[in-house]
Amino acid sequence: MTSRTIPIVPVNHRPAEDKIQVRSITGVFTRWRWAMVWITQLVYYGLPWLTVHGRQAVLFDLEAGRFFLFSAVLYPQDLIYLAGLLVISALLLFFATTVAGRVWCGFACPQTVYTGLFQWIERRTEGDRQARLRLDRGPWNAQKLLRRGGKHLAWALLALWTGFTLVGYFTPIRELALAVPGQLGPWEGFWIGFYGLATYGNAGFLRESVCLHMCPYGRFQGSLMDPRTLNVAYDHRRGEPRRAGADSDTRAKSAGHCIDCTLCVQVCPTGIDIRDGLQAACIGCGLCIDACNQVMDKIEAPRGLIRMASLLELGGDTSKPGRSLNRFWRPRVVVYGSLLLIAMAAMTTAFLTRAEVRLNVVRDRSVMARTVDQGAVENVYTLQLMNASDRARSLNVAIEPSSGVNLLGPSTVVLPPAQAHTITVTAHMPQAVAATKAGEIIDIHFEVTDPGHPSLPPVREPSTFIVPR
């Protein structure tokens, strides 16, 4: 194959009334999916409840313009880190897709995770796949009302808890919990309801429709892949021609290993048939691999009829061995991987070396310079100080180099943790020095130091001192 991208079969559209009821399965990929559910949800639901130095560890205080990330305090001007995080996320997605297809969609995408949680609730309340199909076809009675009502009640509670947790990242979650009974603010109530409704609708009803019709990722995934990209794939050479039944005599007569049991279709969250080839609707979850492997075990055939494989491997190309190292050593993987490492290194270095004390100097523009005390000169400045740490700081303010300029006003400022403070200071030049520098504009630096932490480098901000003629 000479194409640099992977051809993808169009989505097989199902009738609108044909609701997908997914069969439960066990296996390696199923365990990995549930491991990712546990990891992602423990992080999502647990982070807002962690505390650091008596405050919420992760809190985005939009009203105060401060963002707490454990011991770090970020301000709106630190949004560059958010941009860097988005770039890293995009590169990581590209890298993972180039190596192993849509692993993000199948294991960590929020749509996949919450759909899995909602389907687990559905199985607990309505039964397995066959029981749910019978319930769909059956008339409305007390049992159906009870089962459906219990399912939707559990869905609604999980969705509201999800919305509550989201708002807890922006409003202290313990205060939010105390306010829920009757003192919830209008904006908090709106966003809890909005995000809860979105979760309820997407994971409860839309489900595979989001992957089939709303998510753009499935449409351009082919441009990120090449013939050596691993995908969930069906081995046509081994599986065809299909046969009905699992008797060994049929298998001995050159029949394929696929017995057309359709279990791979029944367990697919998007309802596709992987035997039709790589499709845009395939989210790479690998549930069909678990199902097919169980069938192969029962008919005493080798596993791997459906497996993670590249197009080169499925096509029987042995000129390029399929060892794991070779999957990484190809141009697009090297490019994405190199860019990812550079972005991560730059982001980590910038974050770890960021200044915990910020200084901004603004000249008084109403009076650029004034003459006092029979020839002495004064310039007025506004200093904006920010403490981007979770501990109080006592800071000294000075002018360097002095060049005959002395600082009047407060030279020591106490900043509480994660607070900003504005002070007005006056720089003074004696008459004897001003007489020799009439008409000059002198470059100066305001320097802020923390005597309590001498290891921290001083913060310097340039400005000018104007001497009138």
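In this predicted model, Trp 155 is tucked away from the surface: with a relative accessible area of 1%, the residue counts as buried, since the cut-off is under 20%. Phe 205 has a relative accessible area of 51%, and because exposed means over 50%, Phe 205 falls in the exposed class. Trp 155 and Phe 205 form an edge-to-face aromatic pair, with 5.9 Å from centre to centre and 85° between the planes. Trp 155 belongs to helix 6 (residues 142–168) and Phe 205 to helix 8 (residues 186–206), so this pair ties together parts of the chain that are 50 residues apart in sequence.

In general, a pair of aromatic rings is described by how far apart the centres are and by the angle between the planes. The structure holds 18 aromatic pairs. Another one of them brings together Tyr 81 and Phe 351, whose ring centres are 5.6 Å apart and whose planes meet at 85°, so this pair is edge-to-face. Here the link spans distant parts of the chain, as Tyr 81 sits in helix 2 and Phe 351 in helix 17, 270 residues apart. Tyr 81 counts as buried, because its relative accessibility is 13% and the limit is under 20%. Elsewhere, ring pairs join Tyr 44, Tyr 45, Phe 60, Phe 67, Tyr 169 and Phe 170 into a cluster.

Tyr 81 also turns up in the story of the largest pocket. Rolling a probe the size of a water molecule over the atoms shows where empty space is left. The largest pocket holds about 1,300 Å³ of space. Its lining is made of 32 residues, and those that lie nearest the centre are Tyr 81, Leu 82, Leu 85, Leu 86 and Ser 89. Two or more lining residues come from each of helix 1 (28–46), strand 3 (58–61), strand 4 (66–69), helix 2 (79–100), helix 3 (103–107) and helix 17 (331–352). Helix 2 gives the most, with 10 residues. As for the make-up of this lining, 29 residues are nonpolar, 2 are polar and 1 is charged.

Strand 4 and strand 5 pair over 3 bridges in the antiparallel sense, and Phe 68 has Val 73 in strand 5 as its bridge partner.

Another open sheet is built from 4 strands, ordered 13-11-15-16 and paired antiparallel. Its edges are strand 13 (412–415) and strand 16 (459–466), which each pair on one side only. Neighbouring strands in this sheet are turned by 30° against each other on average, direction ignored. Strand 15 (residues 441–449) and strand 16 run antiparallel and are joined by 8 bridges; Val 448 finds its bridge partner in Val 459 of strand 16.

Then there is strand 6 (residues 231–234), which is covered on both faces: Asn 231 and Ala 233 are buried on one side, and Val 232 and Tyr 234 are buried on the other. Strand 6 pairs with strand 7 (residues 306–309) in the antiparallel sense, over 4 bridges. Within this pairing, Val 232 stands opposite Met 308 in strand 7.

Notes. Residues are numbered from 1 along each chain as its sequence is written. This is a predicted model: local features need pLDDT of at least 70, side-chain atom pairs count only at pLDDT 80 or more; totals for chains, interfaces and linings use all residues. Side-chain values use heavy atoms; hydrogens and water are left out. On a 1 Å grid over the protein atoms alone, a cavity is a set of points where a 1.4 Å probe fits but cannot get out, and a pocket is an open set with protein on both sides within 12 Å along at least five of seven lines; lining residues have an atom within 4 Å of a point. Grid points are joined across faces, edges and corners, and a volume is the space filled by probe spheres set on the points. Ala, Val, Leu, Ile, Met, Phe, Trp, Tyr, Cys and Pro count as nonpolar, Asp, Glu, Lys and Arg as charged, and the others, Gly among them, as polar. Two strands pair if DSSP finds at least two bridges between them. Axes are lines fitted to C-alpha atoms, for helices over the stretch in contact, and angles run from 0 to 180 degrees between N-to-C directions. Rings of Phe, Tyr and Trp (its six-membered ring) pair if their centres lie within 6.5 Å; planes under 30 degrees apart count as stacked, over 60 as edge-to-face and the rest as tilted. Buried means under 20% relative accessible area, exposed over 50%, partly exposed in between (1.4 Å probe, protein chains only).
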